[in-house]
Amino acid sequence: MKRKLLYIIIGITLFGSCKQASEFYNPDATVSVKYKMPTDTIYYNKENEIFSDIRHLSNIDNYLIITQKSKDTLFQVLNMKNDSVVAGFGRVGHARNEFIATPRAVYCGRDKNGSPLLYVLDGLCTKTIDIEKSVEANECILTNIIKENVDRYFYNVYHIGDNSMFVYKRVSYKDARDAVYIAPQYYMMNGKTKFEWNIYPNIIAPEWTNMVDAAYSSDIWIKPNGSKAISVSNFIDIVNIFDFSTKKMLGVINPDCYTYDFIEQEGSESTIKEHLRYFNTSACVNDDCFIILKDGNLYKDIIGENDENRCSFIHLYDWNGQLQAAYMLDQNIIYIAYYDKKKRLYAVSSENKLYRYTLN
């Protein structure tokens, strides 16, 4: 399985540790998450014959954009109102409206008039696609090409409006041989004005330095209207919500899980290998809520287990960080998108099959 290979790679370089929460967290009471089951599950048999090696799901308004590995059609668009495939566009090539390869960063936004856009990182440029015009023409219609002026090795740039962007700088170093690391940084640029959120004043220093990458490994999702973003940690159960208007950051944590402090204190190779846990797999966002896709399995239990024998969990939050609902899915899911108008969750399994769940 491709995902098994991913876990093997993660296991070699990324590590974590776990201990009872009582040593670090002592509330007066705790509340357990109660999971519900979706009321309806549909497997897209006919449509899956159209899709090819799905790599990402994005959604905005009534459009579900399916990014796939295909030289001829990188993006398939599904109208979620009636679940019909309405367009396919985006070729691999060197023309202005073509792409170097299957994009590794795709997200939705809006132009100044509120029309839906698809942002696609293509080499050292971000290309913006007019979704409605592309659907109508059944070909890729670009509105802009933005040349990125940062080192792509450490930096991820997300455009949130005219001349504004949200930047995530991953764990970095000046010389990889000296094992001296710089903690991740999150900041917003508006023209030449920069605002930085000081979340990690000091980097952890575990006994096993490769643990640093695992501790800070995160993925970013941008709210479609460009007002907020979430940073979802993979190996520590934390979600950060960034508000671009108030410049505030809200942390959503699971108090029953290990923390940065524990990793720094107990981060030996033996305990890390024993207790590494893959908490958050992916996420999706829309203007009213965001959903976190969770795995939660120990790394040692994942190795050798068939992916199709595992289920997944999702937590649905409002943008104030309040948990609204939690669901257990009957498949091992790797990508999700949520259509809030009909409470439908679109999900891609580890077997690369597309499912649709109705969330009651």
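Strand E10 (residues 155–161) is mostly covered in this predicted model, with six of its seven residues buried; buried denotes under 20% relative accessible area, exposed over 50%, and partly exposed the range in between, with a 1.4 Å probe and protein chains only. Strands (E, at least two residues) and helices (H or I, at least four) are DSSP runs numbered from the N terminus. E10 pairs with strand E11 (residues 164–169) in the antiparallel sense over six bridges, where pairing requires that DSSP finds at least two bridges between two strands. Within this pair, His159 has Met165 of E11 as its bridge partner. Two residues lie between the strands of the hairpin, and Asn163 takes a positive phi near 65 degrees there.

The model is predicted, and local features need pLDDT of at least 70, side-chain atom pairs count only at pLDDT 80 or more, and totals for chains, interfaces and linings use all residues. Residues are numbered from 1 along each chain as its sequence is written, and side-chain values use heavy atoms, with hydrogens and water left out.

Positive phi values also occur in two loops. Lys247, in the loop between strand E16 (238–243) and strand E17 (249–253), has a phi near 65 degrees. Asn352 likewise has a phi near 65 degrees and is found in the loop between strand E23 (344–349) and strand E24 (354–358). Most residues other than glycine have a negative phi. Lys247 is partly exposed at a relative accessible area of 31%, and Asn352 is partly exposed at 25%.

The largest nonpolar core holds 38 residues, of which Phe166, Tyr186, Ala215, Tyr216, Ile222, Phe244 and Tyr260 touch the most other members. A nonpolar core is a set of buried Ala, Val, Leu, Ile, Met, Phe, Trp, Tyr and Cys residues joined through side-chain atoms within 4.5 Å. Helix H4 (residues 211–216) supplies the largest share of this core, five residues. Another core, of 18 residues, lies apart from it and includes Leu74, Phe75, Phe89 and Leu142. Not counting residues up to four places away in sequence, Tyr216 is in contact (heavy atoms within 4.5 Å) with Tyr168, Val171, Pro184, Tyr200, Asn202, Ile203, Ile204 and Tyr260.

The mean pLDDT of the protein chain is 85, and 87% of its residues reach 70 or more; pLDDT is the predictor's confidence in each residue, from 0 to 100. Among the elements of the chain, helix H3 (residues 131–137) has the highest mean pLDDT (97) and helix H1 (residues 2–13) the lowest (36). Over residues 1–25 pLDDT stays under 50, and the model has 64 contacts beyond four places in sequence for these residues.
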